[in-house]
Amino acid sequence: MTANHLILLTSWPDLTAAQQAAKLFVEQHLAACVKLIPQAQSFYIWDNQLEESTETILIIKTTQQQYQALQETLIRIHPYQVPELIGYPASHGLPAYLAWIEQSTQ
C-alpha cells in the first residue's frame, strides 16, 4: 500500500495536442505513462451555457514528487482557460509496476 503514486485525469480538445502533451510529460519524467482515450463526449456548463464537446482523456501515472511540476507544465501548455486536472492516490498496485513508476519519474 502506498500513497506516493497518483493517477491523474485531464482532457484535451484535440488528439494531436493531447499526444504532444503526453509525450512531453513522459519525456520530462513528469509521468511514467500516459494513456489516451480519444472521442470522449463531454457535457458541462460554461458561462451559464450547456456545452458539448468531443475530447481526448489522458490518464497519467505519476508520483507525489512530480505532481507540482506536472501541474505547472499542464497549466502552461493547455489550451483551456480552466483545464481539468483531478488526481487520485494509487493506494494499491503490483509492486513491480509501482517501482517502475518511481524509476520512470526520477
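I started at alanine 69, which sits in helix H2 (helices are DSSP runs of H or I with at least four residues, strands are runs of E with at least two, and both are numbered from the N terminus). Before going further, I noted that this is a predicted model, in which local features need pLDDT of at least 70 and side-chain atom pairs count only at pLDDT 80 or more, while totals for chains, interfaces and linings use all residues. Residues are numbered from 1 along each chain as its sequence is written, and side-chain values use heavy atoms, with hydrogens and water left out.

**Alanine 69**

**The nonpolar core**

Next I asked which residues have the most contacts inside the largest nonpolar core. They are Phe25, Ala31, Val34, Leu58, Ile60 and Leu70, in a core of 14 residues (a nonpolar core is a set of buried Ala, Val, Leu, Ile, Met, Phe, Trp, Tyr and Cys residues joined through side-chain atoms within 4.5 Å). At least two core residues come from each of strand E1 (5-12), helix H1 (15-27), strand E3 (49-63) and helix H2 (64-77). H1 gives the largest share, four residues. A background note for myself: in soluble globular proteins, nonpolar side chains tend to be buried together.

I then picked alanine 31 from that list. Setting aside neighbours within four places in sequence, alanine 31 is in contact with Phe25, Val26, Ile60, Lys61, Thr62, Leu70, Ser104 and Thr105 (contact means heavy atoms within 4.5 Å).

I moved on to asparagine 4, in the segment before E1. Is asparagine 4 buried or exposed? I noted it as buried, since its relative accessible area is 16%. Its side chain makes polar contacts with the side chains of glutamine 65 (3.3 Å) and glutamate 102 (2.3 Å) (a polar contact is a pair of N or O atoms within 3.5 Å; within protein, one must be able to donate a hydrogen and the other to accept it, and residues adjacent in sequence count only if both atoms are side-chain atoms).

Glutamate 102 counts as partly exposed because its relative accessibility is 25%. I found a polar contact of 3.0 Å between its side chain and that of histidine 5. Beyond four places in sequence, glutamate 102 is in contact with Asn4, His5 and Thr63.

**Serine 42**

My last stop was serine 42, in strand E2. Serine 42 counts as buried because its relative accessibility is 14%. Its side chain is joined to that of glutamate 55 by a polar contact of 2.4 Å. Not counting residues up to four places away in sequence, serine 42 touches Glu51, Glu52, Ser53 and Glu55.

Terms used: Buried means under 20% relative accessible area, exposed over 50%, partly exposed in between (1.4 Å probe, protein chains only).
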